[in-house]
Amino acid sequence: MARVEKENRVRVRWVPWEGRPEGVPFLDRTPEEAREILAKHKALGARYGVDLIFPRRKCRTRLAHQATLFARAHGQMDVFRDAVYEARYQQDLDIGDPEVLVSIGERVGLDATALREAFDTETYAGELDEFRRRGEELGVTGVPTYVVDGKTYWGSDPTDEVLEAIANRSRPST
């Protein structure tokens with residue numbers, strides 16, 4: 001996202017996407033599939049200077065997304081979101097555990113009591129559900145997904161395609 005914004009002076013709006021909501025089963029991977037995915041993760045991470053792991057822990061992301069919306073409301077979304085990604089893809093922590101999320105929140109300056117209260121009252125659950133509904137209308141099936149002028153770009157790293165679409169958009173037509 002940062003690369004797309006920096007190289008094109010555009011604003012990318014991050015919205016949550018709960019990949020495996022409650023009731024949607026986790027995918028079972030064979031050891032060979034897991035190795036292939038790890039190789040893809042490693043290559044993608046290397047492209048951006050990050051050492052990624054293939055998380056072995058299966059976890060739901062609903063609370064992590066609600067916590068990220070909480071962080072956005074408190075001006076800490078980017079740093080919180082990055083810390084959640086690190087917890088998941090570098091430390092294999094359970095980002096479905098509210099105490100893991102509260103700990104991350106405290107590290108980035110969020111109020112732990114207020115975050116717990118947001119979990120207890122599901123303050124951001126409706127907003128999360130609305131993002132999913134709107135995403136489904138756009139044909140979103142996974143992340144990352146970008147939408148440029150109504151066209152959807154999806155995949156493990158669609159950044160180059162998105163940059164090309166933005167560049168083509170700003171070129172005068174002949």
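This is a predicted model: local features need pLDDT of at least 70, side-chain atom pairs count only at pLDDT 80 or more; totals for chains, interfaces and linings use all residues.
As a general background, nonpolar side chains tend to be buried together in soluble globular proteins.

## Phe80 and Thr68

When neighbours within four places in sequence are left aside, Phe80 is in contact with Ala64, Ala67, Thr68 and Ala71, and also with Leu101, Ile104, Gly105, Val108 and Leu110. One of these partners, Thr68, is found in helix H3 and is buried, with a relative accessible area of 3%. With its own neighbours within four places in sequence left aside, Thr68 is in contact with Trp14, Met77, Phe80 and Arg81.

Within H6, the residues Ala112, Leu115, Ala118 and Phe119 are buried. These four lie on the same side of H6 because the arc they cover around the axis is only 120 degrees. An α-helix has 3.6 residues a turn, so residues three or four places apart point the same way. The buried residues of H6 pack against H3 and H5, whereas Thr113, Glu117 and Asp120, on the other side of H6, are exposed.

Just after H6 comes Glu122, which takes a positive phi of about 50 degrees.

## Backbone features in the loops

Most residues other than glycine have a negative phi, and most peptide bonds are trans. Glu122, a residue other than glycine, has a positive phi; Glu122 is found in the loop between H6 and H7, where Glu122 is partly exposed, with a relative accessible area of 48%. Asp149 is likewise not a glycine, yet has a positive phi of about 50 degrees. The place of Asp149 is in the loop between E1 and strand E2 (151-154), and at 56% relative accessibility Asp149 counts as exposed.

The peptide bond that runs from Val143 to Pro144 is cis, with omega near -5 degrees, and Pro144 has its place in the loop between H7 and strand E1 (145-148).

Terms used
Residues are numbered from 1 along each chain as its sequence is written. Side-chain values use heavy atoms; hydrogens and water are left out. Contact means heavy atoms within 4.5 Å. Buried means under 20% relative accessible area, exposed over 50%, partly exposed in between (1.4 Å probe, protein chains only). Helices (H or I, at least four residues) and strands (E, at least two) are DSSP runs, numbered from the N terminus. The arc is that of the directions from the helix axis to the C-beta atoms.
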